[in-house]
Amino acid sequence: MATFLSTNGTMDVNYSQTANNSVTKPMYYNPTTDDCTLLARLIINTIIAGTICFLGLAGNALSVVILRRDKQSPVATFLLQTLAYVDSLFVGLWFVHFSINDLLGYAHIDQHSHRLWVYTRLYSYPFLFIGQTATIWLTVLIALTRFIAVCLPYKAAGLCNMVMVKKAVVATLVFSVVYNLPRFFDTKVVQVEMTIDNETVSKYFYNVTVLGGNRMYQKIYSDICYYVFSFILPLVMLGVLNSKLTLAYRGIKQRRQQLRGSSSSSTEGGGGGDPNITLLMIIVVLIFMLCNLPARLVQIVWKYRDQACLTPHFFIKEVSNVMEVLNSSTNFIVYCAFRHQFRDILKTMCCTSAKEDRENKTEDQTMLTLLNGKSKNEQANEEV
């Protein structure tokens, strides 16, 4: 059996395969998948996760607009803007490859009859991995820059300025693309002529290439490298950096409270109720770890286990994948909860928009009144 890779190394479209890689028994969905499982995936991936995707895309777009106006911490806001762009890429592609795909599967629509859809999934799928990799390592970069700024302030001016941070972001994005380039060449589409109801039709199925079928490639790249660069290394780094950053932040906060008095307020996260950008980034990293750690552990433990029936591990695996989408969709809520400047800018935008609407309505009413008065005068002149 050959399968089409998902973000956790499994595939959702299956077909039987002979020794020479010719397709012998095509199926538009897994034959072991019953209607109850299809319904469960529809509810989890299409309805619940699909709603999260839409809200996440809207929240990320609004976050970018607001963060551009936040001039208090330009380096930090630049990193958060970049993260919002990458999160949007990941969420949008996840919606196509999982939410829409499971909707079509539940409707029993033969996706393999539609060449455009098959090729769209094939060539856009590696970009899902690119977005995932970029999200992971941009989060590491956020934690690293904040760690340097707080714990190594004497090096911050040289390492955490805008020029150096932009170079680091470009390097991260380039690494994400280059690292996932092999995924563009490990799967291909096979066209099969089939006779259905005495009519010959073309079907399109996914098949592994010579590269994708190589066991060394699967072991080293798909397994070892994936878990090292997408799970072990980034999460260990984030755990260490975030722990040290949290301890340093608490120490700074306590010293400031001692100097200014426990009742005084501070714009840097004292008693004023507006935590600073450091706390905001700590929360962003923490949420990332909480959402991604279960998914990675489940992928390792249950990667090769069949999930065609409604078993506990089926739901755990599906929900753990949705948590990755949740991580890329909730930063707007985090910014509103932990960034006072973010809330102020949002309120200003809403008030400005409401004021402009009132002014436009007033202008429209004035214009309408003038037009009505003019019409009455013209009518009076005609009567005269």
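The second largest cavity has a lining of three nonpolar, six polar and two charged residues. It belongs to a predicted model. The protein has 384 residues, and 46% of them count as buried. Its secondary structure comprises 10 helices and five strands. Among contacts with a separation of 6 or more, 73% join residues 24 or more positions apart.

**The second largest cavity**

- The protein holds five cavities of 30 Å³ or more.
- The second largest cavity has a volume of about 50 Å³.
- Its lining is made up of Phe90, Gly131, Gln132, Thr135, Ile136, Phe288, Asn292, Arg296, Glu324, Asn327 and Ser328.
- Three elements, α3, α7 and α8 (312-327), each give two or more residues to this lining.
- Helix α3 contributes the most, with four residues.

**Glu324, one of the lining residues**

- Glu324 lines the second largest cavity and sits in helix α8.
- Is Glu324 buried or exposed? Its relative accessible area is 3%, so Glu324 is buried.
- Glu324 lies 29 residues from Ala295 in sequence. In space, the two are 7.3 Å apart, C-alpha to C-alpha.

**The largest nonpolar core**

- This core has 33 residues.
- Which of them touch the most other members? They are Ile66, Leu80, Tyr335 and Phe342.
- Eight stretches of helix each supply at least two residues of the core: α1 (35-69), α2 (74-106), α3 (115-151), α5 (162-179), α6 (215-260), α7 (277-302), α9 (331-338) and α10 (340-383).
- The largest share, seven residues, comes from α7.
- Tyr335 touches Ser63, Leu67, Leu80, Leu280, Val284 and Phe342, leaving aside residues up to four places away in sequence.
- Two of these contacts, Leu80 and Phe342, are also named with Tyr335 among the residues that touch the most other core members.

**A second core**

- A separate nonpolar core has 20 residues.
- Its members include Phe98, Tyr221, Tyr226 and Val322.

**Aromatic pairs and a cluster**

- The protein has 16 aromatic pairs.
- In one of them, the ring centres of Phe129 and Tyr226 are 6.5 Å apart.
- Why does this pair count as edge-to-face? The planes of the two rings stand at 75°, and a pair counts as edge-to-face when that angle is over 60 degrees.
- The pair joins distant parts of the chain. Phe129 is in helix α3 and Tyr226 is in helix α6, 97 residues apart.
- Phe129 has 3% relative accessibility, so Phe129 counts as buried.
- Tyr226 has 4% relative accessibility, so Tyr226 counts as buried as well.
- Tyr226 is also a member of the second core.
- Which residues form one aromatic cluster? They are Trp137, Phe175, Tyr179, Tyr217, Tyr221 and Phe229.
- Tyr221 takes part in this cluster and in the second core.

- Ser222 is in helix α6.
- Its relative accessibility is 19%, and buried means under 20%, so Ser222 counts as buried.
- Ser222 and Arg183 are 39 residues apart in sequence. Their C-alpha atoms are 9.3 Å apart in space.
- Asn242 is in helix α6 too.
- The relative accessible area of Asn242 is 7%, so this residue is buried.
- Which residues does Asn242 touch, not counting those up to four places away in sequence? They are Ile282, Val285 and Leu286.

**His108, a loop residue**

- Where is His108? It lies in the loop between α2 and α3.
- His108 is not a glycine, yet its phi is positive, at about 55°.
- With 32% relative accessibility, His108 counts as partly exposed.

Definitions and conventions. Residues are numbered from 1 along each chain as its sequence is written. This is a predicted model: local features need pLDDT of at least 70, side-chain atom pairs count only at pLDDT 80 or more; totals for chains, interfaces and linings use all residues. Side-chain values use heavy atoms; hydrogens and water are left out. A nonpolar core is a set of buried Ala, Val, Leu, Ile, Met, Phe, Trp, Tyr and Cys residues joined through side-chain atoms within 4.5 Å. Buried means under 20% relative accessible area, exposed over 50%, partly exposed in between (1.4 Å probe, protein chains only). Contact means heavy atoms within 4.5 Å. On a 1 Å grid over the protein atoms alone, a cavity is a set of points where a 1.4 Å probe fits but cannot get out, and a pocket is an open set with protein on both sides within 12 Å along at least five of seven lines; lining residues have an atom within 4 Å of a point. Grid points are joined across faces, edges and corners, and a volume is the space filled by probe spheres set on the points. Ala, Val, Leu, Ile, Met, Phe, Trp, Tyr, Cys and Pro count as nonpolar, Asp, Glu, Lys and Arg as charged, and the others, Gly among them, as polar. Rings of Phe, Tyr and Trp (its six-membered ring) pair if their centres lie within 6.5 Å; planes under 30 degrees apart count as stacked, over 60 as edge-to-face and the rest as tilted.
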